[in-house]
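Good morning, colleagues. Please look at the sequence and the structure first.

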Amino acid sequence: MRIAVVGSGYVGLIAAVCFAELGHAVICVDNDTEKVAALQAGQVPIFEERLPELLARHRGEGLQFSTDLHLAARQSEVIFIAVGTPQAANGEADLSYVEACAREITAELDEYKVVVEKSTVPVLTNQWIRRTLRFNGAIDENYDVVSNPEFLREGTAIEDFLYPDRIVVGADSERARAVLRRVYQPLIDGSYYSLPSCVPGPRDLTSGARYMETSARSAELIKHASNAFLALKISFINAVSNICELVGTDVQEVSAGIGADFRIGSRFLNAGIGYGGSCFPKDVRAFYKIAESVGYDFDLLQAVEEINEAQKLSFLKKVRAALWTLKGKRIGVLGLAFKGGTDDIRESPAISIVQSLLAEGCIVSAYDPAAMEKARQTMADHENLRFACDEFDAARGAHALLVVTEWPQFAGLDLQRLRQTMLYPVMIDGRNLFDLNQMASAGFHYYSMGRPVTEPKLAPRMDMEYK
Ligand code: UDX
């Protein structure tokens, strides 16, 4: 099938590459000429597992990049809109890019085409797109507007797209539903998973991925409600972690016990410094605003946000409790990305913590395996901030080492070596990466989230005693 994907951000680029992987002829359009030129030249703009491999496989073959939206729309039978929906000043999603895109493609709807919203949009956007197309002269018989939300996570985006928990297609006409079934056919019938070249995935889907057809409105709601529910799950366990601290027990034990109930499930029950990223904070706010606009006060979501903000403050309180005063203290920071496995620092709790420490007069030495470049661009030129070469460099001479992103490699660090590098044997772990006994045996004063503080089992070396 000939498919246009408008927008080469996270969702657009991954969708375009994966549709090409499914055998379609895809044109991915963006109005950022530099970005398109870079993609045409084979550069990979985001840090994402398997993306370089799939781009190399399809670029110039089944996948073209262009700045010409009209051409792309003219040549395609399905047009996926995957442009940004940033948060407006009032918390609502700014849909002006979606509207501009709908306006522009109208001229190309001279025969039947399906316009698909792939960006995360509020419920009823489908209706607005339809209205925009009509007001700009499109004939009703020549188009349908479908909602096909994307649930991919950064870091595992390709795998999530090709091995989805479910594919949701919200369409109000059978003609459009039939077109979308053709788009996803290799995943629906499982034929993709039998190809020798198929990207390996986390589970066997040879009998086909789960495919759900709903109304357009339901599909729009499914996307916002899913993200809001996951954010709620995280805030819930973070709230429980505060109770665990107050009664002196371990949230990991509690979380394992809760998650063992299949109705609840163990995923997204890790306590920490709160969720970040380009989706959860924006989508929780947007969903609250959508509810408000249709007359429902979804104050549960306000609480989700408040708990999330409070976690960062609770972490800073731990740093203060561990170090007494902060001004002039040297702090090593492990992690800058909003989560492990990505270079994305949008709404990263790690960045906000570094900024608070700098504001308190700390001298920060930070390291992240992937997000250094992006962090440098945002926080360059602070006299008290240094970007370290690796974890041990970040820890060197530090009064405390902070873990603020859940990179798996941090959990495997040589703790003895780390401790010997530091000035004080103090670690404050916002992601619960380490075992309490392991830290005590390694000689650390170890603070984490929702778990008891542990003191070193070994006597600290004299030369490491508080200088
Ligand atoms: C999320 C959704 O998971 C995805 O379905 C949607 O399409 C986009 O938004 P993503 O933003 O890539 O994906 O990150 P995710 O892996 O969901 O993590 C979000 C945040 O929650 C991160 O800051 C992470 O550190 C935090 N988190 C996650 C926790 O604090 N605890 C957990 O148990 C899980």
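How many cavities of 30 Å³ or more are there by this rule? The count comes to one. On a 1 Å grid over the protein atoms alone, a cavity is a set of points where a 1.4 Å probe fits but cannot get out, and lining residues have an atom within 4 Å of a point. Grid points are joined across faces, edges and corners, and a volume is the space filled by probe spheres set on the points.

Two remarks on the source. This is a predicted model, in which local features need pLDDT of at least 70 and side-chain atom pairs count only at pLDDT 80 or more, while totals for chains, interfaces and linings use all residues. Residues are numbered from 1 along each chain as its sequence is written, and side-chain values use heavy atoms, with hydrogens and water left out.

The largest cavity has a volume of about 40 Å³. Its lining consists of Glu117, Ser119, Thr120, Val121, Ser147, Pro149, Glu220 and Lys223.

I turn to the ligand. Around it stand 19 residues, the closest being Phe151, Leu152, Glu154, Phe338 and Glu406; a residue counts if one of its heavy atoms lies within 4 Å. Because domain 1 (2-214) and domain 2 (308-447) both give residues to this shell, the ligand lies between them; the domain bounds come from an automatic or database assignment. Helix 9 (residues 216-247) gives the largest share of the shell, three residues; helices are DSSP runs of H or I, at least four residues long, numbered from the N terminus.

Which polar side-chain atom lies 2.9 Å from an oxygen atom of the ligand? It belongs to Lys339. From the backbone, an N or O atom of Leu152 is 2.7 Å from a ligand oxygen, and one of Leu269 is 3.4 Å from a ligand oxygen. The protein buries 93% of the 660 Å² that the ligand exposes when taken alone, by the Shrake-Rupley method with a 1.4 Å probe.

Finally, the second largest pocket holds about 440 Å³ of space; a pocket is an open set with protein on both sides within 12 Å along at least five of seven lines. It is lined by 20 residues, and Leu95, Pro122, Leu124, Thr125 and Trp128 are the closest to its centre. Helix 6 contributes the largest share of that lining, six residues.

Terms used
Polar contact = N/O pair within 3.5 Å; in protein donor to acceptor, adjacent residues only side chain to side chain. Helix = DSSP H or I, 4+ residues; strand = E, 2+ residues; numbered from the N terminus.
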